[in-house]
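These are my notebook entries on a single structure. I looked first at the overall fold and then at one residue.

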Amino acid sequence: MIIVGVDEAGRGPLAGPVVAAAVAIDRNDVYALKQLGVRDSKALSPRMREKVLEELTSRDIIYKVQAASPNRIDRDNILQATLWAMGKAICGLPVVPDVIIVDGSFAVPGVPYLQRAIPKADKHILVVSAASIIAKVIRDKVMEIYDRLYPGYGFASHKGYPTVEHRRALMAMGPSPIHRKTFRWKEV
(Lines give C-alpha, C1' and ligand atoms only; values in the text may rest on other atoms or scores of the structure.)
Protein backbone atom coordinates (compact mmCIF):
# COMPACT_ATOMS: atom_id res chain seq x y z
CA MET A 1 0.00 0.00 0.00
CA ILE A 2 1.46 3.34 -1.09
CA ILE A 3 0.80 6.27 1.25
CA VAL A 4 1.48 9.83 0.12
CA GLY A 5 1.93 12.68 2.58
CA VAL A 6 1.52 16.26 1.40
CA ASP A 7 2.40 19.54 3.07
CA GLU A 8 3.50 23.06 2.21
CA ALA A 9 5.81 25.79 3.41
CA GLY A 10 5.38 29.49 2.91
CA ARG A 11 1.71 30.36 3.23
CA GLY A 12 2.28 33.19 5.69
CA PRO A 13 5.20 35.19 4.24
CA LEU A 14 4.88 38.49 2.43
CA ALA A 15 7.31 37.39 -0.27
CA GLY A 16 8.39 34.36 -2.26
CA PRO A 17 6.61 31.21 -3.39
CA VAL A 18 4.54 28.72 -1.50
CA VAL A 19 6.23 25.32 -1.85
CA ALA A 20 4.40 21.99 -1.65
CA ALA A 21 5.98 18.57 -1.29
CA ALA A 22 4.48 15.12 -1.73
CA VAL A 23 6.27 12.08 -0.29
CA ALA A 24 5.35 8.52 -1.28
CA ILE A 25 6.24 5.55 0.87
CA ASP A 26 5.13 1.95 1.24
CA ARG A 27 3.08 1.50 4.39
CA ASN A 28 5.55 -1.12 5.62
CA ASP A 29 8.39 1.41 5.45
CA VAL A 30 6.81 4.21 7.48
CA TYR A 31 8.77 3.30 10.61
CA ALA A 32 12.00 3.87 8.66
CA LEU A 33 11.11 7.57 8.52
CA LYS A 34 11.31 7.77 12.31
CA GLN A 35 14.75 6.17 12.24
CA LEU A 36 15.87 8.89 9.81
CA GLY A 37 14.89 11.60 12.29
CA VAL A 38 11.65 12.64 10.63
CA ARG A 39 9.28 14.60 12.83
CA ASP A 40 7.40 17.88 12.66
CA SER A 41 9.59 20.33 10.73
CA LYS A 42 8.87 23.09 13.24
CA ALA A 43 10.47 20.95 15.96
CA LEU A 44 13.76 20.73 14.02
CA SER A 45 16.47 23.34 13.57
CA PRO A 46 17.27 24.42 9.99
CA ARG A 47 20.45 22.30 10.08
CA MET A 48 18.54 19.24 11.33
CA ARG A 49 15.93 19.67 8.58
CA GLU A 50 18.72 19.74 5.99
CA LYS A 51 20.30 16.64 7.51
CA VAL A 52 16.97 14.77 7.43
CA LEU A 53 16.47 15.79 3.78
CA GLU A 54 19.94 14.44 2.97
CA GLU A 55 19.00 11.15 4.69
CA LEU A 56 15.69 10.94 2.80
CA THR A 57 17.44 11.58 -0.50
CA SER A 58 20.21 9.05 0.22
CA ARG A 59 17.57 6.39 0.95
CA ASP A 60 15.80 7.04 -2.36
CA ILE A 61 12.57 8.19 -0.73
CA ILE A 62 10.21 9.19 -3.54
CA TYR A 63 9.12 12.79 -3.44
CA LYS A 64 8.08 15.64 -5.72
CA VAL A 65 8.17 19.37 -5.03
CA GLN A 66 6.16 22.13 -6.71
CA ALA A 67 6.20 25.88 -6.07
CA ALA A 68 3.48 28.41 -6.74
CA SER A 69 4.89 31.82 -7.62
CA PRO A 70 3.96 35.10 -5.95
CA ASN A 71 2.12 36.02 -9.17
CA ARG A 72 -0.02 32.88 -8.94
CA ILE A 73 -0.65 33.59 -5.25
CA ASP A 74 -1.79 37.13 -6.08
CA ARG A 75 -3.94 35.93 -8.97
CA ASP A 76 -5.60 32.90 -7.35
CA ASN A 77 -5.22 33.59 -3.57
CA ILE A 78 -2.91 31.74 -1.19
CA LEU A 79 -5.22 28.77 -0.55
CA GLN A 80 -5.86 28.07 -4.24
CA ALA A 81 -2.17 28.50 -5.11
CA THR A 82 -1.25 26.09 -2.30
CA LEU A 83 -3.77 23.48 -3.45
CA TRP A 84 -2.55 23.89 -7.06
CA ALA A 85 1.07 23.27 -5.97
CA MET A 86 0.00 20.26 -3.88
CA GLY A 87 -1.91 18.80 -6.82
CA LYS A 88 1.06 19.22 -9.16
CA ALA A 89 3.38 17.60 -6.61
CA ILE A 90 1.04 14.63 -6.11
CA CYS A 91 0.46 14.10 -9.83
CA GLY A 92 4.20 14.40 -10.50
CA LEU A 93 5.01 11.36 -8.39
CA PRO A 94 6.08 8.28 -10.37
CA VAL A 95 3.77 6.03 -8.30
CA VAL A 96 0.02 5.61 -7.90
CA PRO A 97 -1.00 6.27 -4.30
CA ASP A 98 -3.52 4.18 -2.43
CA VAL A 99 -4.22 7.06 -0.06
CA ILE A 100 -3.08 10.68 0.24
CA ILE A 101 -2.86 12.41 3.59
CA VAL A 102 -2.98 16.20 3.24
CA ASP A 103 -1.90 18.46 6.08
CA GLY A 104 -4.77 20.88 6.52
CA SER A 105 -8.52 21.15 6.25
CA PHE A 106 -8.93 20.79 2.50
CA ALA A 107 -8.50 17.90 0.09
CA VAL A 108 -6.68 18.74 -3.13
CA PRO A 109 -9.18 19.31 -5.96
CA GLY A 110 -8.73 17.46 -9.24
CA VAL A 111 -6.62 14.65 -7.77
CA PRO A 112 -8.19 11.28 -8.65
CA TYR A 113 -7.05 9.40 -5.55
CA LEU A 114 -8.47 8.77 -2.09
CA GLN A 115 -7.55 11.65 0.20
CA ARG A 116 -7.80 12.53 3.86
CA ALA A 117 -7.29 16.14 4.90
CA ILE A 118 -6.08 16.19 8.50
CA PRO A 119 -5.26 19.42 10.33
CA LYS A 120 -1.83 19.27 12.00
CA ALA A 121 -1.01 15.98 10.27
CA ASP A 122 2.61 17.16 10.05
CA LYS A 123 2.86 16.74 13.84
CA HIS A 124 1.49 13.18 13.98
CA ILE A 125 1.92 11.39 10.64
CA LEU A 126 5.52 10.76 9.63
CA VAL A 127 5.02 10.76 5.87
CA VAL A 128 3.41 14.20 6.15
CA SER A 129 6.23 15.33 8.46
CA ALA A 130 8.70 14.26 5.78
CA ALA A 131 6.82 16.33 3.19
CA SER A 132 6.85 19.28 5.59
CA ILE A 133 10.62 19.04 6.03
CA ILE A 134 11.25 18.83 2.30
CA ALA A 135 8.98 21.77 1.50
CA LYS A 136 10.56 23.92 4.23
CA VAL A 137 14.17 23.16 3.24
CA ILE A 138 13.51 23.82 -0.45
CA ARG A 139 11.64 27.07 0.25
CA ASP A 140 14.36 28.29 2.60
CA LYS A 141 16.99 27.66 -0.08
CA VAL A 142 14.89 29.57 -2.64
CA MET A 143 14.61 32.52 -0.25
CA GLU A 144 18.40 32.48 0.28
CA ILE A 145 18.83 32.80 -3.49
CA TYR A 146 16.32 35.67 -3.54
CA ASP A 147 18.33 37.35 -0.78
CA ARG A 148 21.25 37.60 -3.21
CA LEU A 149 19.02 38.75 -6.08
CA TYR A 150 17.18 41.37 -4.00
CA PRO A 151 19.61 42.58 -1.34
CA GLY A 152 18.45 44.75 1.51
CA TYR A 153 15.25 42.90 2.40
CA GLY A 154 16.89 40.27 4.61
CA PHE A 155 15.25 37.27 2.92
CA ALA A 156 18.04 34.93 4.08
CA SER A 157 17.21 35.61 7.72
CA HIS A 158 13.41 35.97 7.83
CA LYS A 159 12.54 33.97 4.67
CA GLY A 160 9.90 36.53 3.68
CA TYR A 161 7.88 36.37 6.89
CA PRO A 162 6.50 39.68 8.22
CA THR A 163 9.18 40.45 10.80
CA VAL A 164 9.86 43.99 11.94
CA GLU A 165 13.10 43.93 9.91
CA HIS A 166 11.23 42.89 6.78
CA ARG A 167 8.47 45.46 7.17
CA ARG A 168 11.06 48.21 7.71
CA ALA A 169 12.83 47.18 4.52
CA LEU A 170 9.50 47.24 2.66
CA MET A 171 8.80 50.76 3.92
CA ALA A 172 12.25 51.96 2.90
CA MET A 173 12.59 50.21 -0.48
CA GLY A 174 9.06 49.30 -1.56
CA PRO A 175 8.11 45.82 -2.73
CA SER A 176 10.48 43.65 -4.75
CA PRO A 177 9.30 41.58 -7.74
CA ILE A 178 8.82 38.58 -5.41
CA HIS A 179 6.58 40.35 -2.91
CA ARG A 180 2.96 39.26 -2.83
CA LYS A 181 1.05 42.37 -3.85
CA THR A 182 -2.25 41.22 -2.32
CA PHE A 183 -0.79 40.61 1.14
CA ARG A 184 -1.09 43.44 3.61
CA TRP A 185 1.76 44.62 5.75
CA LYS A 186 1.63 47.19 8.49
CA GLU A 187 4.06 50.02 8.87
CA VAL A 188 6.35 49.88 11.88
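How many helices and strands are there in the protein? I worked from a predicted model, in which I counted eight helices and five strands.

**Entry 1: overall fold.** I read the order of elements along the sequence as β-β-α-α-β-α-α-β-β-α-α-α-α. The C-alpha trace spans about 55 × 35 × 25 Å along its principal axes. Of the contacts with a separation of 6 or more, 61% join residues 24 or more positions apart.

**Entry 2: burial, surface and charge.** I found that 47% of the 188 residues are buried. The protein exposes about 9400 Å², of which carbon and sulfur atoms supply 54%. I also looked up the charges: there are 27 positive and 19 negative ones, and their mean positions are 4 Å apart.

**Entry 3: Gln115.** I located Gln115 in strand E5, which covers residues 115-118. Is Gln115 buried or exposed? Its relative accessibility is 17%, and buried means under 20%, so Gln115 counts as buried.

I next listed the contacts of Gln115, leaving aside neighbours within four places in sequence: they are Ile100, Val102, Ala107 and Val108. For Val108, I noted that its backbone nitrogen lies 2.6 Å from a polar atom of the Gln115 side chain. Finally, I checked Gln115 against Val4, which is 111 residues away along the chain; their C-alpha atoms are separated by 9.2 Å.

How values were computed:
Residues numbered from 1 in each chain as written. Predicted model: local features only at pLDDT ≥ 70, side-chain atom pairs only at ≥ 80, totals over all residues. Heavy atoms only, no water. Helix = DSSP H or I, 4+ residues; strand = E, 2+ residues; numbered from the N terminus. Buried < 20%, exposed > 50% of the residue type's maximum accessible area, 1.4 Å probe, protein only. Contact = heavy atoms within 4.5 Å. Polar contact = N/O pair within 3.5 Å; in protein donor to acceptor, adjacent residues only side chain to side chain. Areas by Shrake-Rupley, 256 points an atom, 1.4 Å probe, with all protein chains shown as cover. Lys, Arg positive; Asp, Glu negative; His and termini not counted. Charge placed at Lys NZ, Arg CZ, Asp CG, Glu CD.
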